[in-house]
Amino acid sequence: MAFFIPMKITQQQNKDSLIYAVAAVEAGAYARLGETKEQQIERWHIGKLGEIVFYNLLTDYGIKVEYTDMFKFIGVPDEYDFIMPKGRYKIDVKTYKPRHRYLLLPKGQTKNISQIDIYVGVVVDVENLKGFVDGYVWKDTFIQESNEKVSKSMPEPCYNREIKDLIKIDQVLKFWYF
């Protein structure tokens, strides 16, 4: 069962994330079906804020990760968001808004799925500049236990997992150096 670790988002982090989102959309980054440019920017902005929330959690636990690289957009989405020392596990942060029930991964967004080991779920409340790290799921479990009925009810096919079924994030933190 997931649990929530609240994290603050600074004004500067919010600004940096929005600049990144605009650059990503202007460069033609992945767009979902029927999204307007404004919706794409909002989605990319919230996604980057989710990465920031996870970064802030790592920092609070004394885990050092390069911050400035998070805002470099090289024309294509990154293969993963974080990597543990020695390349042990690659992590992709999946972000959602408050009151969402599922961690989702659109199947059309899985070109890099072989690179990912762990998906971390983060809820972001942009209005109050805070986020919560809900937990994580191993890639294989995420795919194998995805509910096809839920997938069919979404605007596009996706892998999914109920947020309440995520594993406590402290388990991932234990893997970081050991």
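Trainee: Which residues have the most contacts inside the largest nonpolar core?
Mentor: F54, F82, I91, V120 and I169. That core has 37 residues. Keep in mind that this is a predicted model.

Trainee: Which elements give two or more residues to this core?
Mentor: Helices α1 (11-26), α2 and α5 (170-175), plus strands β1 (5-8), β3 (90-96), β5 (118-125) and β6 (130-138). The largest share comes from α2, with 10 residues.

Trainee: How far apart are the end C-alpha atoms of α2?
Mentor: 34 Å. The helix covers residues 37-60, and at 1.5 Å a residue its 24 residues should span 34 Å, so the two agree.

Trainee: What follows α2?
Mentor: G62, with a positive phi near 80 degrees.

Trainee: New topic: β7. Which residues point which way?
Mentor: C158, N160 and E162 point one way, Y159 and R161 the other. In a regular strand, side chains alternate between the two faces of the sheet.

Trainee: How many of the β7 residues are buried?
Mentor: 5 of 5, across residues 158-162.

Trainee: How does β4 run relative to β7, parallel or antiparallel?
Mentor: Antiparallel, joined by 5 bridges. Strand β4 spans residues 102-106.

Terms used: Residues numbered from 1 in each chain as written. Predicted model: local features only at pLDDT ≥ 70, side-chain atom pairs only at ≥ 80, totals over all residues. Heavy atoms only, no water. Buried < 20%, exposed > 50% of the residue type's maximum accessible area, 1.4 Å probe, protein only. Helix = DSSP H or I, 4+ residues; strand = E, 2+ residues; numbered from the N terminus. Pairing = 2+ DSSP bridges. Expected span 1.5 Å × (residues − 1). Core = buried A, V, L, I, M, F, W, Y, C linked by side-chain atoms within 4.5 Å.
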